[in-house]
Amino acid sequence: MKTAAKYFLLICAVAASGAAQSPQAPPPAASSALAQVIDRIITQENQLSKSVARYHPLVETYIQHVKPDQELGAVPEKDEYFLGKLNLAGGIDDHSLLSGPNLPVKSLKFFNRFFSIRFLPSGFAQMALVDEAGFDRQHYDFEYVRREFLGEVRAVVFDVKPKKGSGAGRFLGRIWAEDQDYHIVRFNGTYGPTTSYRHYFHFDSWRVNMGPNLWLPAYIYTEESDFRYVKVRSLRFKGQTRIWGYDLKQGGREDEFTKIVVDAQNPVRDQSDTPADLAPVGSLRAWERLAEENVLQRLEKAGLLAPEGEVDKILTTVVNNIQVTNNIDIQPEVRARVLLTTPLESFTVGHTIVISRGLLDVLPDEASLAMVLSHELAHILLGHRLDTKFAFDDRMLFADEQTFKRLGFRHDAKDETAADQKALALLENSPYKDKAAAAGLFLKALSARAGELPALIRPHMGNRMADGKTVSRMAQLMNSAPQLETARKEQIAALPLGGRVKVDPWSCRIMMLHNKPVALLSAREKLPFEITPFLPYLTRQSATEQVAAAGAVGAGANTGDATGNGGGAAHQPKTPGVDDDSQGSTETTTAATEVRPATPAAPPKQ
Ligand SMILES: [Zn+2]
């Protein structure tokens, strides 16, 4: 890419607009209390810079370049994606997870370079930490602004400016520090000073309480709306960075021992009612299930798959709805899990359907979800099996960075076509039969945007949903869909990213977000497949709360609309007054529940 070299020559545009001049000095008593607060903030931040080096969470950055649009304000023009392990001790390390055959090495290199040029001097890490070398009174001036709540957490707010001549890569902006231990929980601004060859973008960086006295980086939003460089060129983009999996070592399996010891009524040896020796078909199934379990556990250990939880039950309910109405009983039972990454994809691992967080986010309704799940269910019904080589444990012994090279679940074109046909038949007999238009509309929206968003539609492990502008999944459903009307605010064909599923950055557990419906003001707020800023509702966690929360993720989520009925922060597909075909989805779930009263066949273990 030719433009890559250009980024080396970025010309400054940002630093000029400094913060306002300080008002009159506070009285002496207040100023000494304030000085103590500032000292505590500095101490905590510098301790974090040191202690954070022991964690190696996953970091995912997704960037959309945007261009002006008459109707919608701005629309995506192209996108970029990065997934790696964060090493906060020394910038982002080289161990990207993205080097599989689906990603050209050239573009990866381009991205790495592009990325590091953006976030000098220490690459990405800088935006997770205020200033890892020199956050102190020698390098900065602090000016008290006010107290403010961020969610439940009360914070003291300061404007922070680097002192003159304090060197390159200094933070300029505002910090929020919670007022119990004085951890910085949010900082918003940019770095500077810019020079002719070094430029810094604006960002809003958030930390989440992950235990007593522990606040760690979790979300960073980046945006530039009119970034001028090389005199005449202008760059407009927005980007989301998510960090999760701080507690990856134990792979979410630690509590299993506790369970076995405590639960004396349910001895380890005797968990199944089948005879000790299995018939040939039984042993084949068990062998395949073993391969499936191995893969799922490995993905979970790498921080790529969310631990079993409430969201899986919601997905399983929809799968059951399809199975029940089609008189299908699959053994072993079909399960569903969530891949924690953004690119839109779904695939099956044996009898487990995996759907990505990004895809769950953008699906507008239960019918669209049923479309995705029915395709995967069709693969299972057609016997498109998982390679049983994964039943051998040595095949799971690889570095996390190798995951996408070692594990792939793509089907060939013949199997894909067969699965689509079967899935259409399944939907035809399902409670979603009359809502196929909504699913088709989603595919039309995907088709309209896919050409500009190649990174979003490039799967890690599954098959593509679209190739360029061409939808390659269940495309026939588009025939029954209404016309896509991007300018009509009432037609919600796809949601923005990040509105449905919330990931606990510590444990990787997920829950459905339950946002209040928001009536859209204009079509500009539809933002299909787009990035929006992070504004997390901060809370404090005690150690006991943390454990409790892990067990009760998304409690009450499985009522009514099986998709959780949670649109984006600025979004809600079932807004009052919106002409939405899927209003009846609540009944759908209920109806199917009546067919088989014990809804999700096997509630996943917590
Ligand atoms: Zn498929």
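A: Setting aside neighbours within four places in sequence, Phe 237 is in contact with Ile 63, Gln 64, His 65, Val 66 and Glu 224. Contact here means that the C-beta atoms of two residues, placed from the backbone, lie within 7 Å. This is a predicted model, in which local features need pLDDT of at least 70 and side-chain atom pairs count only at pLDDT 80 or more, while totals for chains, interfaces and linings use all residues. Residue numbers start from 1 along each chain as its sequence is written.

Phe 237 belongs to strand E9, residues 233-244. Strands (E, at least two residues) and helices (H or I, at least four) are DSSP runs numbered from the N terminus. Phe 237 counts as buried because it has 21 C-beta neighbours inside 10 Å. The cut-offs are 20 or more other C-beta atoms within 10 Å for buried, 12 or fewer for exposed, and anything in between for partly exposed, with the C-beta atoms placed from the backbone. Glu 77 is 160 residues from Phe 237 in sequence, yet their C-alpha atoms are 9.2 Å apart.

For the protein chain as a whole, 44% of the 606 residues are buried. Of the contacts between residues at least 6 apart in sequence, 70% join residues at least 24 apart. The chain has 13 helices and 16 strands.

Two other residues can be described in the same terms. Gln 47, in helix H2 (residues 28-51), counts as exposed because it has 12 C-beta neighbours inside 10 Å. Its C-alpha atom is 9.8 Å from that of Glu 132, 85 residues away in sequence. His 139 sits in the loop between helix H3 (105-118) and strand E3. With 18 C-beta neighbours inside 10 Å, His 139 counts as partly exposed. Not counting residues up to four places away in sequence, His 139 touches Gly 134, Pro 162, Lys 163, Ser 166 and Arg 170. Lys 161 is 22 residues from His 139 in sequence and 8.5 Å from it, C-alpha to C-alpha.

Strand E3 (residues 140-150) runs antiparallel to strand E4 (residues 153-162), and ten bridges join them. Two strands pair if DSSP finds at least two bridges between them. Glu 148 stands opposite Ala 155 of E4. The hairpin of E3 and E4 has two residues between the strands, and Gly 151 there takes a positive phi near 65 degrees. E4 is also joined to strand E5 (residues 170-178), antiparallel, by six bridges. Asp 159 has Arg 174 of E5 as its bridge partner.

Further along, three strands form an open sheet of mixed pairing, in the order E10-E12-E11. E10 (335-339) and E11 (346-349) are the edge strands, each pairing on one side only. Neighbouring strands of this sheet are turned by 25 degrees against each other on average, direction ignored. E10 pairs with E12 (residues 352-356) in the parallel sense over five bridges, and Arg 337 has Val 354 of E12 as its bridge partner.

Helix H5 (residues 280-301) packs on this sheet, touching E10, E11 and E12, and its direction makes about 130 degrees with that of E11. Such angles run from 0 to 180 degrees between N-to-C directions, and the axes are lines fitted to C-alpha atoms, for helices over the stretch in contact. The buried residues of H5 are Ala 291, Glu 292, Asn 294, Val 295, Arg 298, Leu 299 and Glu 300; they pack against E11 and E12. At 1.5 Å a residue the 22 residues of H5 should span 32 Å, and the end C-alpha atoms are 31 Å apart, which agrees. The expected span is 1.5 Å times one less than the number of residues. After H5 comes Gly 303, with a positive phi near 80 degrees. Helix H6 (residues 310-325) lies across E10 and E12, at about 130 degrees to E10.

The axes of H8 (residues 366-381) and H10 (residues 413-428) come within 8 Å and cross at roughly 120 degrees. Residues making this contact include Ala 370, Met 371 and Leu 377 of H8 and Ala 419, Ala 423 and Leu 426 of H10. By class, the contact has nine nonpolar, three polar and two charged residues. Here Ala, Val, Leu, Ile, Met, Phe, Trp, Tyr, Cys and Pro are nonpolar, Asp, Glu, Lys and Arg are charged, and the others, Gly among them, are polar.
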